[in-house]
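Hi everyone, thanks for making the time today.

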Amino acid sequence: MEIEEIGIENRYYPKKLRTIKNPPQKLYILGNKEILNNEAVAIVGSRDCTEQGAKNARFFSANIAKAGFTIVSGMAKGIDAEAHKGALEVKRTNNSSVRKWS
(Lines give C-alpha, C1' and ligand atoms only; values in the text may rest on other atoms or scores of the structure.)
Protein backbone atom coordinates (compact mmCIF):
# COMPACT_ATOMS: atom_id res chain seq x y z
CA MET A 1 0.00 0.00 0.00
CA GLU A 2 1.38 3.40 -0.97
CA ILE A 3 0.64 6.91 0.18
CA GLU A 4 -1.39 8.76 -2.44
CA GLU A 5 -1.58 12.52 -2.89
CA ILE A 6 -4.99 13.94 -3.78
CA GLY A 7 -5.59 17.55 -4.70
CA ILE A 8 -8.55 19.71 -3.86
CA GLU A 9 -10.10 19.05 -7.29
CA ASN A 10 -9.86 15.26 -6.92
CA ARG A 11 -13.25 13.54 -6.65
CA TYR A 12 -12.17 11.83 -3.42
CA TYR A 13 -11.21 15.08 -1.68
CA PRO A 14 -13.66 15.54 1.24
CA LYS A 15 -16.51 17.78 0.10
CA LYS A 16 -16.97 19.35 3.53
CA LEU A 17 -13.26 20.15 3.79
CA ARG A 18 -13.50 22.16 0.57
CA THR A 19 -15.93 24.55 2.29
CA ILE A 20 -13.63 25.73 5.10
CA LYS A 21 -11.61 28.90 4.93
CA ASN A 22 -8.19 28.11 3.40
CA PRO A 23 -8.64 24.36 2.84
CA PRO A 24 -5.46 22.37 2.30
CA GLN A 25 -4.69 22.04 -1.39
CA LYS A 26 -3.36 18.51 -0.97
CA LEU A 27 -4.06 15.54 1.27
CA TYR A 28 -1.95 12.43 1.63
CA ILE A 29 -3.96 9.24 1.86
CA LEU A 30 -2.91 5.77 2.96
CA GLY A 31 -5.75 3.31 2.77
CA ASN A 32 -9.33 3.46 1.59
CA LYS A 33 -9.98 6.87 0.06
CA GLU A 34 -13.61 5.85 -0.54
CA ILE A 35 -14.39 6.71 3.10
CA LEU A 36 -13.26 10.33 2.87
CA ASN A 37 -16.78 11.56 2.17
CA ASN A 38 -18.57 9.30 4.67
CA GLU A 39 -20.48 10.92 7.49
CA ALA A 40 -17.87 11.39 10.19
CA VAL A 41 -17.33 12.46 13.77
CA ALA A 42 -14.03 13.94 14.91
CA ILE A 43 -12.71 12.85 18.28
CA VAL A 44 -9.66 14.70 19.52
CA GLY A 45 -8.20 15.42 22.92
CA SER A 46 -5.24 15.37 25.22
CA ARG A 47 -2.08 13.54 24.25
CA ASP A 48 -1.40 12.93 27.93
CA CYS A 49 -4.81 11.52 28.85
CA THR A 50 -5.89 9.68 31.94
CA GLU A 51 -6.85 6.02 31.83
CA GLN A 52 -10.48 7.06 32.27
CA GLY A 53 -10.17 9.50 29.36
CA ALA A 54 -8.74 6.73 27.17
CA LYS A 55 -11.54 4.38 28.21
CA ASN A 56 -14.16 7.05 27.45
CA ALA A 57 -12.66 7.78 24.02
CA ARG A 58 -12.76 4.07 23.10
CA PHE A 59 -16.32 3.70 24.40
CA PHE A 60 -17.73 6.75 22.62
CA SER A 61 -15.96 6.08 19.32
CA ALA A 62 -17.03 2.42 19.30
CA ASN A 63 -20.65 3.42 19.75
CA ILE A 64 -20.45 6.25 17.24
CA ALA A 65 -18.85 3.86 14.73
CA LYS A 66 -21.57 1.27 15.37
CA ALA A 67 -24.07 3.97 14.39
CA GLY A 68 -22.36 4.12 10.98
CA PHE A 69 -20.04 7.10 11.31
CA THR A 70 -16.38 7.21 10.36
CA ILE A 71 -14.09 8.32 13.20
CA VAL A 72 -11.70 11.14 12.33
CA SER A 73 -8.74 12.46 14.32
CA GLY A 74 -5.38 14.14 13.94
CA MET A 75 -3.44 10.92 14.67
CA ALA A 76 -1.91 12.11 17.92
CA LYS A 77 -1.21 9.73 20.78
CA GLY A 78 -3.66 9.79 23.66
CA ILE A 79 -7.35 10.47 23.02
CA ASP A 80 -6.99 10.52 19.21
CA ALA A 81 -5.34 7.08 19.14
CA GLU A 82 -7.82 5.64 21.64
CA ALA A 83 -10.73 6.86 19.51
CA HIS A 84 -9.39 4.91 16.54
CA LYS A 85 -8.92 1.82 18.70
CA GLY A 86 -12.57 2.01 19.75
CA ALA A 87 -13.74 2.13 16.15
CA LEU A 88 -11.45 -0.73 15.19
CA GLU A 89 -12.84 -2.83 18.04
CA VAL A 90 -16.20 -2.80 16.26
CA LYS A 91 -14.56 -3.25 12.83
CA ARG A 92 -15.60 0.14 11.49
CA THR A 93 -13.76 2.62 9.30
CA ASN A 94 -11.30 5.17 10.59
CA ASN A 95 -9.90 8.25 9.00
CA SER A 96 -6.81 9.99 10.34
CA SER A 97 -6.19 13.48 9.15
CA VAL A 98 -2.77 14.67 8.10
CA ARG A 99 -2.71 18.16 6.74
CA LYS A 100 -0.17 19.69 4.40
CA TRP A 101 -0.39 23.37 3.68
CA SER A 102 0.61 24.38 0.16
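Let me begin at one residue on the outside: Thr50 counts as exposed because its relative accessibility is 53%. By exposed I mean over 50% relative accessible area, while buried means under 20% and partly exposed is in between, with a 1.4 Å probe and protein chains only. Thr50 sits in the loop between β3 and α2. Its C-alpha atom is 9.1 Å from that of Ile79, although the two residues are 29 apart along the chain.

A word on what you are looking at: this is a predicted model, in which local features need pLDDT of at least 70 and side-chain atom pairs count only at pLDDT 80 or more, while totals for chains, interfaces and linings use all residues. Residues are numbered from 1 along each chain as its sequence is written, and side-chain values use heavy atoms, with hydrogens and water left out.

Now the overall picture. The chain has 3 helices and 6 strands; these are DSSP runs numbered from the N terminus, H or I of at least four residues for helices and E of at least two for strands. Along the sequence they come in the order β-α-β-β-α-β-α-β-β. Of the 102 residues in the chain, 32% are buried. The accessible surface is about 6,800 Å², and carbon and sulfur atoms account for 54% of it; such areas come from the Shrake-Rupley method with a 1.4 Å probe, and for residues only the protein chains shown count as cover. If we take the contacts between residues at least 6 apart in sequence, 56% of them join residues at least 24 apart, where a contact means heavy atoms within 4.5 Å.

Let's go to the strands. How do β1 and β2 run relative to each other, parallel or antiparallel? They are antiparallel, joined by 4 bridges; for two strands to pair, DSSP has to find at least two bridges between them. In this pairing, Ile6 stands opposite Leu27 of β2. Strand β2, residues 26-29, has two faces: Leu27 and Ile29 are on the covered one, and Lys26 and Tyr28 on the uncovered one.

Strands β3 (residues 40-42) and β4 pair in the parallel sense, over 3 bridges. Ala40 has Thr70 in β4 as its bridge partner. Between them in the unit comes helix α2, residues 51-66: β3, α2 and β4 make a right-handed β-α-β unit. Right-handed here means that, with the strands pointing away from the viewer, the path from the first strand over the helix to the second runs clockwise. Look at β4 itself, residues 70-73: Thr70 and Val72 point one way, Ile71 and Ser73 the other, and all are buried.

Next, the charged pairs. How many salt bridges does a search of the whole structure find? It finds 6, taking a salt bridge as a side-chain nitrogen of Lys or Arg within 4 Å of a carboxyl oxygen of Asp or Glu. One of them joins Lys33 and Glu4, with the closest N and O atoms 2.9 Å apart. That pair links distant parts of the chain, since Lys33 is in the loop between β2 and β3 and Glu4 is in strand β1, 29 residues apart. Glu4 counts as partly exposed, at 33% relative accessibility.

Glu5 and Lys26 also meet in a salt bridge, at 4.0 Å from N to O. Here Glu5 in β1 and Lys26 in β2 are 21 residues apart.

The pair Lys85 and Glu82 has its closest N and O atoms 3.1 Å apart. Both lie in helix α3 (residues 79-89), 3 residues apart, about one turn of the helix. Is Glu82 buried or exposed? It counts as buried, because its relative accessibility is 12%, whereas Lys85 is partly exposed at 43%. Salt bridges with shared partners join Glu51, Arg58, Glu82 and Lys85 into one network.

Two last stops on the surface. Asn22, in the loop between α1 (15-18) and β2, has a positive phi near 55° although Asn22 is not a glycine. Asn22 is exposed, at 52% relative accessibility.

Finally, Met1, Ile3 and Leu30 make a nonpolar surface patch of about 420 Å². Patches are made of residues with over 30% relative accessible area and no salt bridge, with like charges joined within 9 Å and nonpolar side chains (Val, Leu, Ile, Met, Phe, Trp, Tyr) within 5 Å. Ile3 belongs to the segment before β1 (4-7), and Ile3 is exposed because its relative accessible area is 61%.
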